[in-house]
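Try each one on your own before reading its solution.

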Amino acid sequence: MSAELDVRGLRATVEGKEILKGVDLRVQQGQIHALMGPNGSGKSTLAYTLMGHPKYQVTGGDVAFDGQDLLALTADARAKLGFFLCFQYPTAIPGVTTVNFLRAALRAQGKEMPAREFLNKLSAEMAALRIDESFRSRYINDGFSGGEKKRSEILQLAMLRPRLAILDETDSGLDVDALRTVAEGVMRLAGPDMGVLVITHYPRILEHLRPDVVHVLHDGRVVTSGGADLAQRIERDGYEPILGVAAATAGAV
Ligand code: ADP
Ligand code: MG
């Protein structure tokens, strides 16, 4: 069965204010999609709404994932279905170590593995992401630097192997080396079994990530989609020319 994400006419409000105003978006299985757009266009709102965060109220539209009505499911059930969100601002969980967190998360998803296999896999993934061994026993995100938090998120991705990963501004606050490590980590994991939706307002990470499709969100709607060249155009000219044309087109319809 196809683990494709199909968002149609999605509308959502936050604290009574409409932020998503009819989002149409399809992410095919095994592809890397980028969702770009200026600050405040609704990118994080879309990510939280898709994950089922209680603060975000869906007021219209449909979302199908793997042929199921995603909006009818709890956040927990969405995660079990293979949905994963990397937060823009990951929270610390003092008292919970990275090892225990990952074991519990795998168990919750019915993907528990023998201790030795788990630890071997963890070591291999940590080495690939250049994460120090000491992180195993550190409390998750507690006192981590910006770059360490993002690597830790990619480590979760590597261990949990979701079918669709949404990375919200995984690039923000990263230096060039950390950015490359994170991007390479995602590229290594992406494949026929995992789709990726990378959210960013900054095209730099896309030099390393090579998206199949780029979408631009503006004022709660996807106003245009294209190939990797769209990200290059944004890098060169900014959002203004694209949004100007999109707004004019929308006005003409
Ligand atoms: P982006 O991620 O594209 O920068 P956001 O989705 O964070 O945009 O925000 C879109 C709009 O929704 C902004 O105007 C923001 O102020 C508003 N918004 C987002 N989350 C909340 C919230 N929890 N409470 C109130 N307003 C919010
Ligand atoms: Mg955001």
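The exercises below concern a predicted model.

**Exercise 1.** Find the strand order of the open sheet and name its edge strands.

*Solution.* Start with the order: the four strands run E2-E1-E4-E5, and their pairing is antiparallel. Next, look for strands that pair on one side only; these are E2 (17-27) and E5 (68-69). Now check how E5 is attached: two bridges join it to strand E4 (residues 56-65), and the two run antiparallel. Along this pairing, Phe65 stands opposite Gln68 in E5. Finally, see what packs on the sheet: H1 touches strand E1 (5-14), E2 and E4, and its direction makes about 105 degrees with that of E1.

**Exercise 2.** Decide whether Thr49 is buried or exposed.

*Solution.* First place the residue: Thr49 belongs to helix H1, which covers residues 43-51. Then apply the cut-off: buried means under 20% relative accessible area. Thr49 has 2% relative accessibility, so Thr49 counts as buried. To see its surroundings, leave out residues up to four places away in sequence; Thr49 then touches Leu10, Ala12, Leu20, Tyr56, Val58 and Arg78.

**Exercise 3.** Compare the span of helix H5 with the expected one, and work out how many of its residues are buried.

*Solution.* Helix H5 (residues 146-160) has 15 residues. From first C-alpha to last, H5 reaches 21 Å, close to the 21 Å expected at 1.5 Å a residue. For burial, H5 is mostly covered, with twelve of its 15 residues buried. Among them are Gly147, Lys150, Ile154 and Leu160.

How values were computed. Residues are numbered from 1 along each chain as its sequence is written. Chains are lettered from A and ligands numbered from 1 in the order in which they are written. This is a predicted model: local features need pLDDT of at least 70, side-chain atom pairs count only at pLDDT 80 or more; totals for chains, interfaces and linings use all residues. Side-chain values use heavy atoms; hydrogens and water are left out. Buried means under 20% relative accessible area, exposed over 50%, partly exposed in between (1.4 Å probe, protein chains only). Contact means heavy atoms within 4.5 Å. Two strands pair if DSSP finds at least two bridges between them. Axes are lines fitted to C-alpha atoms, for helices over the stretch in contact, and angles run from 0 to 180 degrees between N-to-C directions. The expected span of a helix is 1.5 Å times one less than its number of residues.
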